[in-house]
Amino acid sequence: MSDNVVKLHYDIDAEDFTTAGEASSGVKKTLTRLGVNPEVIKRVSIAMYEAEINAVIHANGGVADVEITPERVTVVISDRGPGIPNVDKAMTPGWSTASNTVRELGFGAGMGLPNMKRYTDEMYVESEVGVGTKVTLIVNIVS
Amino acid sequence: MGDYFHSVVLEEDLCMGCTNCIKKCPTDAIRVQGGKARIMKERCIDCGECVRNCPYKAKVAMTDPLEKMADFRYTIALPAPTLYLQYDISKFGRDKILTALKMIGFDYVYEVARGAEIVTKASNMYLRNHDEPRPMISSACPAIVRLIQVRFPNLLSQIMPVKSPMEVAALNARREFCERNPEASPEDIGVFFISPCAAKMTSVKNPIEVENSGVDGVFSIKSVFFKLLKQMGKIKNAENILQAGFGGVRWATIGGEAKGIESDNILYVDGIQNVIRIFEQLEDDKLKDVDFIEAAACPGGCLGGPLTVENMYVAKTRNFRLKFVLPKMLNEVTETELDKTAFDRYPEHIDVSTLDSDLSVALQKLNKMDELCSMLPALDCGACGAPSCRALSEDIVRGKAKLTDCVFVLKEKVRNLAKEMIELENMLPPTLDNKSSGKAKGDF
């Protein structure tokens, strides 16, 4: 491992809204220590939080791998959930498959994926029905 | 930034070098070194947590001595709303307290509660004229403003750009006094804030929202408490110099400010750790539907300040009782009173957490920190003088501490060394070692 790369790994607990957001908040603290521009930190933490919540709501949890280099922050959130049948459709603001229970908790507004796109420089969704979903979020530090 | 003044300081003689304060500090600003709990100036926000928690009263909040009044020809007292709640309100009403302030030597008294009413009006106007950002955060508690500067730079733009009630009161008090006493020139007037709080003293010496504070000195509530009590016993007819209603007086307690905001979506939070949790949510873009947040570093709000006399729960009850006897406001806020209440300047980010200005180096230091942290026992015992193992590893990469500051690491090293010494002790050079020569005599 190169010296100026920081790698972080988090397990995202399933169906636990009280701990949801812990991974993104840990990343936020790390980026602050590194002196990364506050605006970049905000974008990373919001996009990552959305992805984290998605893994909790739809996929029974998953894992988050974060890599920080002097150039960019890369967040990969993978789950073994049901997968997204139509990724393009899922990217439409307001489109959601969240259950009523989830909606009552204030989640599932269908803004998750669109928000991730909005706050990142690059975003990739790889998904296979019945296998799982992998979301890659990239925010450039030096643009 | 020149030498930053802090009102919270250490009385070295009293400090026992225990680790109570380092654990309570919300910004990890204290280290015990050489047996004394030293404050890292750039990190301290003067919240007063250490003052509250030191069992030896070694952390103190510096305020001005009352003798400072003698430096001015005329003096004005600005009593914080919290002062009223220090006394049994059925015996010592606000009119008596204000009269007693004049009896101990002040020429004029201006209630900070009136300043608060002006701030409420100015804040409501700001919210009406600006649709975003939301929520706006109160700027009244200087420890909170500094917390944002140090730890939450993303929230700087959400600070309500209206001066604190103390500054607004100082402005209006000086103006009113000069109007009534045309012979007085502004520099002859000393304006003194009667404070429940350490951070106000700091904000007078190092103003945040103004170039120069309108306040010339800060006296603690503790320092005037008995003096006023003595005078109040003598009062037959108290002067009628009340300016504020309950809308201003209730600022002493948490929620008192927020309840004056014209919105049905306000949030108020007290106690520095609770405030930090709310600010973390704000940073993640949550709570967007809230219009206004009142945040106070002290538990209960200003009445929980470290320079108060009365227990904060007792003070809270008194505040609650006042609600039923006071009108909300005595006089409408005028245009003149609102003049110059907007921020003269904006608080800026104070970076204290960055490991290195070069991101590459910072990444290396962070990896080093993780490596060091894994060598530490994770007990957060504080025996090294840092509040946690993580903080010690940070101090090490910053070159301010060494790994052997950890007693567990040190003990392990001593143990290994002792083991090695015993092993070495058992080894003898061949010239002295009879046992090793098990070979036949004469053979090498």
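## Second largest pocket

In this predicted model, 42 residues line the second largest pocket, and those nearest its centre are A:Glu50, A:Asn54, A:Met111, A:Gly112 and A:Leu113. A pocket here is an open set of points on a 1 Å grid over the protein atoms alone, where a 1.4 Å probe fits, with protein on both sides within 12 Å along at least five of seven lines; lining residues have an atom within 4 Å of a point. The space in this pocket is about 1,000 Å³, a volume being the space filled by probe spheres set on the points, which are joined across faces, edges and corners.

H2(A) gives the most to this lining, ten residues. At least two residues each come from H2, strand S3 (72–79), helix H5 (112–119) and strand S5 (132–140) of chain A; helices (H or I, at least four residues) and strands (E, at least two) are DSSP runs, numbered from the N terminus. By class, the lining has 23 nonpolar, twelve polar and seven charged residues (nonpolar: Ala, Val, Leu, Ile, Met, Phe, Trp, Tyr, Cys and Pro; charged: Asp, Glu, Lys and Arg; polar: the others, Gly among them).

## Largest pocket

The largest pocket has a volume of about 1,200 Å³. Its lining holds 42 residues, with A:Lys29, A:Arg33, B:Asp28, B:Arg151 and B:Ser353 closest to the centre. Elements giving two or more residues include strand S1 (6–12) of chain A and helix H5 (142–151) of chain B.

The largest share, six residues, is from H1(A). The classes are 16 nonpolar, twelve polar and 14 charged residues.

## Basis

Residues are numbered from 1 along each chain as its sequence is written, and chains are lettered from A and ligands numbered from 1 in the order in which they are written. Local features need pLDDT of at least 70, side-chain atom pairs count only at pLDDT 80 or more, and totals for chains, interfaces and linings use all residues, while side-chain values use heavy atoms, with hydrogens and water left out.
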